[in-house]
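Open the structure in your viewer and keep the selection tool at hand. Each stop below tells you what to pick and what is there.

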Amino acid sequence: MVSVVCTLDHHANEVSGCAFSASLLASCSGDKTLRVYSAVDFSERPYSPLCGHEYGVHCCCFTSCGSYLLSCSTDGAIAVWSTDTGARVSALEHPSRSPLRACAVAPDSSLVLGGACDGTAALWDFSSGTLRRFLAVSEASVAACCFSPCAQMFVTGSTHGTLRLWGVDGSILCVQKDAHDLGVTCCSFAPQFTVDGCCVELQLASCGQDSRLKIWIVSQYEGTVHSMKLLHTLTGQSAPVLSCAFSSDGALVVSGSVDKTVAIYDTTLGTLLHSLKQHDRYVTAVAMSPTKPWLATGSMDRTVKVWRIGDGEDTTATESKPAVCEDRKLPSRSTLTLLSDWSEEDVQTWLREEGLEELVGIFKSNNIDGSKLSRLNRETAAEMGIESVGLRGRLLRKVESLKAAQSGSDGPDEFLCPITRELMRDPVIAADGYSYEREAIESWIRGKTKTSPMTNLPLQTTLLIPNRSLKMAIARWKSSQ
């Protein structure tokens, strides 16, 4: 079920891009401005709109911590804005001042990438603003770019239709010619990746003028050999596809098209789940929230629509009032140190207060107390009889938020070890693709079971890979506090 939450119509020209952070939604436009909204009630921030570009703005993105918003423009510069004050804190100028069509920031906020109309790409160090690389990518315009979730690679897409995979040192790792006939318009990596022995696999989405959305498997073998293989070709739209994005869990991929529709696909199966038809003109931008079930779509009709993806009372794609988050009130037992001390009645009270009344009967029949709730995962939720995938995901997100609230940690959820629920000091990637505190996962592996703490599936290997990108992101976040 997908429903429109609100329509934002503040831009005076077509919307060219939109992006989410954990707490904000941003949009950019041909009217030379950016608009910034709260991702809770979608009220516009006091400092919005952001003005400073000389020409239309083509793309925008947030740093991982959400402290900065970046935007690129026909004026040949990437502007860096403070999301606290709205001030323009710096500008990264393309060496030849060629118009910039796309920009991206690395997941660890260490690098910034810009793709230009003259076929070049520029790579800057974010903290210092110094130019690291200036790459000749194509004879055609670079229309799309994105970083891998490990921040060690990036992809560029050109209007000639070629996708190129690069190392951050400027080396070409893989080339996929004719990925899209008539040109690539957008590309995006899924946030997760898998590790199988010495092989790391990532998913990449790309779209183009050929009216296709494609999902690729990007593989890295023993850190040196790279390949790109086509997994799905998705044909749910009848005109050029202009934008694409993955959900935060990688389970969904969304695209916007010249046919005025927004398509939502199941990433694994490649099946079309929803076709949304609320915009009056081309859909030029899509973005998905990293923390909430929000989808934002921007259009040449000058609006940004915010959609809610998941289960709810309204089953039609009609507009409703923006959702307002209220302070969570935990049941009386929430003052206990451990969730495992909750009784079955405490758990049922918590379900009602979180708007999950429909699960009370299922939890009651399965005798779920606090101890069982703390160990709940996707598999056990399905075994309990919760058939709706969306409802299972909603439940698990609320359980994780509950555990984080009780742990007393103030860090973003992605910075917390899934085992200890504490801020990670030495994060490592296990074979299940998740990151853990090294000491915690090593202790887990030394135990009786060699299964994933997150999926309960057997770990293919006990090899642990240092997650330097995450470690740097945590260090940057800590220094900003």
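This is a predicted model: local features need pLDDT of at least 70, side-chain atom pairs count only at pLDDT 80 or more; totals for chains, interfaces and linings use all residues.

Select Thr63, Cys65, Ser67, Tyr68, Ser109, Phe126, Ser127, Arg476, Ser479 and Ser480, which line the second largest pocket. The space inside is about 180 Å³. Which helix gives the most to this lining? Helix H7 (residues 468–480) does, with 3 residues. By class, the lining has 6 polar, 3 nonpolar and 1 charged residues.

**Helix H1.** Go to residues 344–353. Asp346, Val347, Gln348, Trp350 and Leu351 are buried here. Step just past H1 to glycine 355, where phi is positive, at about 75 degrees.

**Lysine 214.** Pick this residue in strand S20 (residues 213–221). Lysine 214 is buried but has no salt bridge. Aspartate 210 is the nearest side chain of opposite charge, 4.4 Å away. The side chain of lysine 214 instead reaches the backbone oxygen of alanine 179, at 2.7 Å.

**Salt bridges.** The count is 5. Show arginine 97 and glutamate 93, with closest N and O atoms 3.4 Å apart. Next, arginine 132 meets aspartate 125 at 3.8 Å, N to O. Arginine 132 is partly exposed at 40%, whereas aspartate 125 is buried at 17%.

Finish with arginine 438 and aspartate 426, a salt bridge at 2.8 Å. Arginine 438 lies in helix H6 and aspartate 426 in the loop between helix H5 and strand S29, so the pair ties together parts 12 residues apart in sequence.

Definitions and conventions. Residues are numbered from 1 along each chain as its sequence is written. Side-chain values use heavy atoms; hydrogens and water are left out. On a 1 Å grid over the protein atoms alone, a cavity is a set of points where a 1.4 Å probe fits but cannot get out, and a pocket is an open set with protein on both sides within 12 Å along at least five of seven lines; lining residues have an atom within 4 Å of a point. Grid points are joined across faces, edges and corners, and a volume is the space filled by probe spheres set on the points. Helices (H or I, at least four residues) and strands (E, at least two) are DSSP runs, numbered from the N terminus. Ala, Val, Leu, Ile, Met, Phe, Trp, Tyr, Cys and Pro count as nonpolar, Asp, Glu, Lys and Arg as charged, and the others, Gly among them, as polar. Buried means under 20% relative accessible area, exposed over 50%, partly exposed in between (1.4 Å probe, protein chains only). Lys and Arg count as positive and Asp and Glu as negative; His and the chain ends are not counted. A salt bridge is a side-chain nitrogen of Lys or Arg within 4 Å of a carboxyl oxygen of Asp or Glu. A polar contact is a pair of N or O atoms within 3.5 Å; within protein, one must be able to donate a hydrogen and the other to accept it, and residues adjacent in sequence count only if both atoms are side-chain atoms.
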